[in-house]
Amino acid sequence: MAEMTSRGTAKVTLPTDEQILITREFDAPKDLVYKAFTTPELVKRWWSGKRGQVTLAEIDLRVGGMWRYVMVASEGFEVAFHGQFREIVPNERIVTTEVYEGVPEGEAPEGDVVNTATFTEADGRTTLTILMQTPSQEVRDMIIDSGMEVGMQEGMDLLEQVAISLR
């Protein structure tokens, strides 16, 4: 079977008014996709897509542990996110909170975005689903309207390349 390219194939759907579901298949086994998803040096290679340079990827991979990613965008400004690990099942599932650090003081929404990443493998290929549970439809729509999909597609393409490179 010829190697299939998956470039730009992440699907974004809106299951409910407060949810964003991202589904993407990778031409790599789930242990390698998981490793690329959870190892700081590897996250630096894919998380920003083609939008800039990741300057920080801190991951304390344990329940209650924190994560923080910072990138300098091509336009020169800094973008940062952080959160806390709520659940970890190695190579299977990760549940984290996600906070965008660029929200102006006093405008932060009530409640966290909670991301559930699930890794399933069939025939050496991995399907990663990321369910973003937002506190409100307003927050969900802000995320969608931020242009997140373009950067996410690029990041997922790079995540696949990183996972394949670990073989």
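# Close-up views of a predicted model

View 1. Eight strands make up an open sheet in the order E1-E2-E8-E7-E6-E5-E4-E3, and the pairing is antiparallel. Strand E1 (11-13) and E3 are the edge strands, each pairing on one side only. From one strand to the next, the twist averages 20°. The model shown here and in the other views is predicted.

**View 2. Two helices packed on the sheet.** Helix H1 (residues 30-38) packs on the sheet and touches strand E2 (19-26), E3, E4, E5, strand E6 (93-100), strand E7 (113-122) and strand E8 (125-133). The direction of H1 makes about 150° with that of E7. H4 also packs on the sheet, where it touches E1, E2 and E8. The direction of H4 makes about 30° with that of E2.

**View 3. Burial of helix H1.** Of the 9 residues of H1, 7 are buried, and the helix is mostly covered. The buried residues are Lys30, Leu32, Val33, Tyr34, Ala36, Phe37 and Thr38.

View 4. The largest nonpolar core has 40 residues. Phe37, Leu128 and Leu159 are the residues with the most contacts inside this core. Helix H4 (residues 148-165) gives the most to the core, with 7 residues. Leaving aside neighbours within four places in sequence, Phe37 is in contact with Val43, Trp46, Tyr69, Ile94, Ala117, Phe119, Leu128, Ile130 and Leu159. Leu128 and Leu159 are therefore among the contacts of Phe37 as well as being listed with it for the core, which is a set of buried residues joined through side-chain atoms within 4.5 Å.

**View 5. The hairpin of E3 and E4.** Strand E3 (residues 52-59) and strand E4 (residues 66-73) run antiparallel and are joined by 7 bridges. Val54 stands opposite Met71 in E4. Between the strands of this hairpin there are 6 residues, and Gly64 takes a positive phi near 90°.

View 6. E4 pairs with strand E5 (residues 78-89) in the antiparallel sense over 7 bridges. Met66 stands opposite Gln84 in E5, Trp67 opposite Gly83, and Tyr69 opposite Phe81. Tyr69 is also one of the contacts of Phe37. The hairpin has 4 residues between its strands, and in the turn Gly76 has a positive phi of about 100°.

**View 7. The hairpin of E5 and E6, with Asn91.** E5 and E6 pair in the antiparallel sense over 6 bridges. The bridge partner of Phe85 in E6 is Thr96. The hairpin has 3 residues between the strands, and Asn91 lies in the loop between E5 and E6. Asn91 has a positive phi of about 65° although it is not a glycine. Most residues other than glycine have a negative phi. Asn91 counts as partly exposed because its relative accessibility is 26%, between the limits of 20% and 50%.

View 8. Asp123 is found in the loop between E7 and E8. Like Asn91 in the previous view, Asp123 is not a glycine but has a positive phi, here of about 55°. Asp123 has a relative accessible area of 82% and is therefore exposed, the limit being over 50%. Glu160 lies in helix H4. With a relative accessible area of 8%, Glu160 is under the 20% limit and so is buried. Glu160 and Asp123 are 37 residues apart along the chain, and 16 Å separates their C-alpha atoms.

**View 9. The largest pocket.** The largest pocket has a volume of about 1500 Å³. It is lined by 47 residues, of which Trp47, Phe81, Glu98, Met132 and Met148 are the closest to its centre. At least two residues of the lining come from each of H1, E4, E5, E6, E7, E8, helix H3 (137-145) and H4. Phe81, one of the residues closest to the centre of the pocket, is the residue that Tyr69 stands opposite in E5.

Notes:
Residues are numbered from 1 along each chain as its sequence is written. This is a predicted model: local features need pLDDT of at least 70, side-chain atom pairs count only at pLDDT 80 or more; totals for chains, interfaces and linings use all residues. Side-chain values use heavy atoms; hydrogens and water are left out. Buried means under 20% relative accessible area, exposed over 50%, partly exposed in between (1.4 Å probe, protein chains only). Contact means heavy atoms within 4.5 Å. Two strands pair if DSSP finds at least two bridges between them. Axes are lines fitted to C-alpha atoms, for helices over the stretch in contact, and angles run from 0 to 180 degrees between N-to-C directions. On a 1 Å grid over the protein atoms alone, a cavity is a set of points where a 1.4 Å probe fits but cannot get out, and a pocket is an open set with protein on both sides within 12 Å along at least five of seven lines; lining residues have an atom within 4 Å of a point. Grid points are joined across faces, edges and corners, and a volume is the space filled by probe spheres set on the points.
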